[in-house]
Amino acid sequence: QREDGTITYTPGANAYPPVRLLNPIEKQRILVTGGAGFVGSHLVDRLMLMGHNVICLDNFFTGSKSNVAHWIGHPNFELIRHDVVDPILVEVDQIYHLACPASPVHYQSNPVKTLKTGFFGTYNMLGLAKRVKARFLLSSTSEIYGDPEEHPQKESYWGHVNCTGPRACYDEGKRVAETLAYSYQRQEGVDVRVARIFNTFGPRMNWNDGRVVSNFILQALKSEDLTVYGDGKSTRSFQYVHDLVDGLMKLMNSNCDEPVNIGTQEEFTIDQFAQMVIDLVAEETGFCGSQVVHMAALEDDPQKRKPDTTRAKERLDWEPQWKVIDGLRETVKYFKTTQVGSEI
Ligand code: NAD
Ligand code: UDP
């Protein structure tokens, strides 16, 4: 464990990492849907290390058993293969609802399924929260702001989304998921939390994830050209996964039931970001022969994105601790040590 409270753990070790022993009264039963995915598996690690009982539920569409393999067999851990589009009954105190593909490549490959996951998946998990009186946290997204006309984006901004475009299955799925959460709160008294997550990266991103961070790192490690879609002037603010997990846990255990942006102020144009990855890979490996190439722009690609995180600071006392460059270094090391281009 680092001084700032974040935990680094190398998966694949032979023994379970040591977990805290909690008094029975402190120990919560926690469901993490999408727990075998990139963000979910880091959250599972943190909850397990804290000594909670964790149920990880996943249909393995974009996640992988290997992300949580180091916990299989641990008495505090259960892994369930299940699709959230179908109801399930488990006795839990808290539900982190993350199940949903997050990469444009994956969520656009089956837009109807993405919408079913956004609506029925959230509906089922809220129904479960109501039935077992669990607190419910929704992993929403900066995408609900669409291609924003306000910059940076505050939680009060209603967004600018094309409801018929190729990204709509995800954006509108998350928007209706938020609406469901607040409808269950109003009508049924369910205790809800809503995290609006901005672009996040780190180890365990799938090599074929298709999002910009993994694409660029893999291209740079193979000395292939970095494919920038459009003119490279659109922006994103990237956060390291440990900061996000801190934010999710702080939000879950706070009394803040309004939506909260979780993301960083470090904003880059995609061109700047590409160059940063090339420089970093050259530094880490001694050589990188990649160039930046511009391709056709993607339809409805948001032009800028940066969160206003005042609410997270004031209500959760949360601020990102990781600089993008440090997080990127960890991520490059991860991709270097897992076989580049192999299924993990
Ligand atoms: P991911 O694709 O790695 O993880 C999603 C997980 O959900 C995978 O394990 C997948 O198999 C599982 N899943 C998908 N559909 C399912 C279904 N119908 N039933 C059960 N499991 C299902 O993505 P991630 O980056 O870890 O994202 C996790 C959550 O955070 C998502 O809800 C995503 O919308 C949200 N989010 C992520 C980011 C980011 O930059 N990573 C940004 C905004 C929001
Ligand atoms: N992008 C890119 N090259 C890639 C992948 C993505 O230029 O290989 C761009 C994409 O067009 C967008 C930004 O990087 O402007 C972030 O894309 P990503 O898919 O990572 O996430 P988004 O924020 O769009 O959901």
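Author: Two residues are in contact here if their C-beta atoms, placed from the backbone, lie within 7 Å. Among such contacts between residues at least 6 apart in sequence, 80% join residues at least 24 apart. The model is predicted, and everything below is computed from it.

The protein contains nine helices and 13 strands. Its C-alpha atoms fill a box of roughly 55 × 50 × 40 Å, taken along the principal axes. A compact globule of 344 residues would have a radius of gyration near 20 Å, and the value of 19 Å for the protein therefore agrees with that expectation. Of the 344 residues, 45% are buried.

Ligand 1 is surrounded by 28 residues, and the closest are Gly34, Gly37, Val39, Thr62 and Gly63. By class, the shell around ligand 1 holds 13 nonpolar residues, 13 polar ones and two charged ones. Three elements each supply at least two residues of this shell: helix α1 (38–50), helix α3 (111–132) and strand β5 (135–141). The largest share, three residues, comes from α1.

Ligand 2 has a shell of 13 residues, with Arg211, Val212, Asn215, Val228 and Tyr229 the closest. Six residues of the shell around ligand 2 are nonpolar, four are polar and three are charged. Here α5 (212–221) and β8 (226–229) each contribute at least two residues. Strand β8 gives the most, with three residues.

A residue counts as buried if 20 or more other C-beta atoms lie within 10 Å of its own. The buried residues of α6 are Val241, His242, Asp243, Leu244, Val245, Asp246, Gly247, Leu248, Leu251 and Met252.

To return to the ligands: α1 gives the largest share of the shell around ligand 1, while β8 gives the most to the shell around ligand 2.

Note on methods
Residues numbered from 1 in each chain as written. Chains lettered and ligands numbered in written order. Predicted model: local features only at pLDDT ≥ 70, side-chain atom pairs only at ≥ 80, totals over all residues. Near = placed C-beta within 6 Å. Helix = DSSP H or I, 4+ residues; strand = E, 2+ residues; numbered from the N terminus. Nonpolar A, V, L, I, M, F, W, Y, C, P; charged D, E, K, R; others polar. Buried ≥ 20, exposed ≤ 12 C-beta atoms within 10 Å, placed from the backbone. Rg over C-alpha atoms; globule rule 2.2 N^0.38 Å.
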